[in-house]
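Here are some exercises to work through with the model open beside you. Try each task on your own before reading its solution.

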Amino acid sequence: MRAIQDDRALVEAAQRDPARFADLYEQNFYRVYAYTARRVQDRHDAEDLTAEVFREALAGIGKFEWRGVPFAAWLLRIAARAVADHWTRNGREAGAPLSDSEEAAPEEIERNAMLLQLVNRLPEAQFRVIHMRFVEQKSIREIAQAMQRSEGAVKQLQLRAIENLRAQMESAHA
Amino acid sequence: MPERFEILDQAIDALLAGAPPVGFNAQSDAELTPLLQIASALTRMPEEHFQSRLRDDLERRASMSNIGTAAATKSIREGFHTVTPFIAVSEPEKLIALLKHAFNAEETGRSPKDHGFHVEVRVGDSMLMIHDCAPGGEKIGAFHVYLPDIDAAYTRALEAGATGMGAPEDRPYGERQGAVKDLAGNLWYIATRFPSTEAPEGAGSVMPYVHPAKARIFIDFVTRAFDGKEMAVYEDTQGRVMHAAVRIGDSVIEMGEAPNQTQSNGFFLYVDDCDAWYRRALAAGATSLIEPGDQPYGRAAAIRDPFGYQWGLCSLPAR
């Protein structure tokens with residue numbers, strides 16, 4: 001209940017002053033991103049769609065009517081429409097859309113959103129390895145050169161980062 | 001038996017290559033599966049600065065939507081523009097007489113005697129607000145005034161007691177310009193554009209002209225506080241800003257850098273949401289003079305910017 005009230009206060013503040021939309025953005029960025037990334041697979045498409053969702057939400061915040069449903073649900077409805085439009089625009093060339101049965105469950109979206117958030121809190125060296133490996137798609141050798149460490153040390157950092165994330169996810173769910 | 005970090009790395013290699021999972025023994029699988037699930041989710045993480053780039057983009061859009069709302073809801077008082085210069089002098093009647101005589105100013109409003117001294121005058125399509133003050137509390141500045149015949153206006157200004165600061169001359173920047181100083185010390189750059197010179201967007205008959213010590217810092221403040229849009233910046237060879245202009249809503253403020261800043265203009269802004277713009281100005285580095293409050297004429301607040309210029313903010317009462 002408290003969360004819903006906070007949600008409502010943030011929405012009303014953003015409706016009075018669009019500069020306050022930043023608070024809603026920070027609160028929901030990973031959720032929206034996790035949703036679009038789950039549905040379109042390609043990182044750049046997920047980023048474009050996430051941007052589209054927040055721009056549309058900002059433009060339409062004045063029209064948002066409070067009906068007791070979390071603001072995030074409204075954002076995810078915009079996201080669902082944006083993803084559907086994406087598939088319509090790009091057709092089969094962009095790959096096959098997920099069927100409804102494959103669509104991510106809300107718990108999975110929340111779990112992935114939390115994971116992405118936790119990555120940002122990793123110690124710097126672990127974050128760098130994860131970013132280079134999974135976003136920049138660099139090989140262990142390339143990362144080792146960039147960080148001036150041995151390949152073995154980079155692999156250990158990679159393991160520690162992922163174990164670290166797993167431990168934090170487990171303690172968050174405990 | 002390979003180390004765990006080696007086993008995990010091989011599995012990640014296969015994952016990133018889109019190959020089938022590498023088979024391990026039962027014990028490794030039990031340990032690796034949850035780690036690989038995390039690794040799989042990480043393959044879709046956003047680029048490092050995507051979140052902050054999008055935040056900046058949304059902030060820009062949010063500030064533009066504020067100005068858009070202001071224009072759409074006609075939150076500016078009839079006959080006024082977004083920015084109205086205000087001047088505080090110890091002998092306001094003398095100044096008003098000069099403006100009427102030299103610039104054909106028309107007095108459009110005067111507050112009742114028991115409400116303090118507040119007079120509004122119109123010069124061409126622009127408004128000025130004039131207050132009185134005790135000696136030492138003046139708000140004086142510089143103004144760029146466009147008039148149909150500035151040679152005549154220059155003569156009339158001297159007749160009304162102004163001091164000549166440069167007789168009208170044709171200038172290389174597309175206008176004939178002279179300057180006078182009134183008794184209180186306000187500087188009036190009076191000009192007539194050449195027929196071939198087009199007025200920039202938002203240019204009114206009177207534009208406040210400020211002389212801050214650092215024009216770029218002033219522009220930066222106006223941009224962050226009031227969603228100002230830089231229109232032009234002309235620098236000399238030493239990088240000193242000789243002339244610049246910034247637009248706020250439908251008004252333009254001009255400036256030229258002066259290392260020894262002596263003037264302290266005042267501005268009155270009509271905005272759609274006084275409280276929101278007040279907060280934004282403080283976030284941009286302004287100090288509060290008057291917190292937002294309800295007044296008979298609307299919701300009003302005042303701030304002082306880092307150069308000592310005062311800005312009154314006012315949103316009209318809902319109709």
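## Exercise 1: Chain A at a glance

In chain A, residues 24 or more positions apart account for 64% of the contacts with a separation of 6 or more. This is a predicted model, so keep that in mind as you go.

**Task.** Work out how many helices and strands chain A has, and what share of its residues count as buried.

**Solution.** 
- Begin with the secondary structure: chain A comes to 8 helices and 0 strands.
- Next, read the elements from the N terminus on; they run α-α-α-α-α-α-α-α.
- Finally, turn to burial: 34% of the 174 residues of chain A count as buried.

## Exercise 2: Two helix pairs that share α3(A)

**Task.** Find how α2(A) and α3(A) cross, and which residues make the contact.

**Solution.** 
- Locate helix α2 (residues 21-40) of chain A and helix α3 (residues 43-60) of chain A; their axes come within 9 Å and cross at roughly 140°.
- An angle over 145 degrees would count as roughly antiparallel and one of 65 to 115 as roughly perpendicular, so α2(A) is oblique to α3(A).
- The handedness comes next: α2(A) passes α3(A) in a right-handed crossing.
- On the α2(A) side, the contact is made by A:Phe21, A:Tyr25, A:Val32, A:Tyr33, A:Thr36, A:Ala37 and A:Val40. From α3(A) come A:Asp45, A:Ala46, A:Leu49, A:Thr50, A:Val53, A:Phe54 and A:Leu58.
- Sorted by class, the residues of this contact of α2(A) with α3(A) are 11 nonpolar, 2 polar and 1 charged.

**Solution.** 
- Helix α4 (residues 71-90) of chain A packs against α3(A) at an angle of about 130°, and the axes are 9 Å apart.
- That angle makes α3(A) oblique to α4(A).
- α3(A) passes α4(A) in a right-handed crossing.
- For the contact, A:Asp45, A:Leu49, A:Glu52, A:Val53, A:Glu56 and A:Ala57 in α3(A) meet A:Leu75, A:Ile78, A:Ala79, A:Ala82, A:Val83 and A:His86 in α4(A).
- The classes here are 8 nonpolar, 1 polar and 3 charged residues for the contact of α3(A) with α4(A).

## Exercise 3: Where the chains touch

**Task.** Describe the side of chain A that touches chain B, and say which element gives the most to it.

**Solution.** 
- Start with the counts: 35 residues of chain A are in contact with 32 residues of chain B.
- Then list the elements of chain A that give two or more residues to this side: α2, α3, α5 (106-119), α6 (124-135) and α8 (151-173).
- Of these, α8(A) gives the most, with 8 residues.
- Split by class, the side of chain A that touches chain B has 22 nonpolar, 5 polar and 8 charged residues.

## Exercise 4: The sheet of chain B

**Task.** Trace the sheet of chain B and name its edge strands.

**Solution.** 
- Follow the strand order: 8 strands of chain B form an open sheet, β2-β3-β4-β1-β13-β16-β15-β14, with mixed pairing.
- The edge strands are β2 (106-110) and β14 (287-295) of chain B, each of which pairs on one side only.
- From one strand to the next, the twist averages 25°.
- Look inside the sheet at β13 (residues 266-270) and β16 (residues 310-315) of chain B: they run parallel, joined by 5 bridges. Here B:Phe267 stands opposite B:Trp311 in β16(B).

Notes:
Residues numbered from 1 in each chain as written. Chains lettered and ligands numbered in written order. Predicted model: local features only at pLDDT ≥ 70, side-chain atom pairs only at ≥ 80, totals over all residues. Pairing = 2+ DSSP bridges. Helix = DSSP H or I, 4+ residues; strand = E, 2+ residues; numbered from the N terminus. Axes fitted to C-alpha atoms, helices over the stretch in contact; angles between N-to-C directions. Parallel < 35°, antiparallel > 145°, perpendicular 65-115°, else oblique. Left-handed = near helix turned anticlockwise from the far one by under 90°. Contact = placed C-beta atoms within 7 Å. Nonpolar A, V, L, I, M, F, W, Y, C, P; charged D, E, K, R; others polar. Buried ≥ 20, exposed ≤ 12 C-beta atoms within 10 Å, placed from the backbone.
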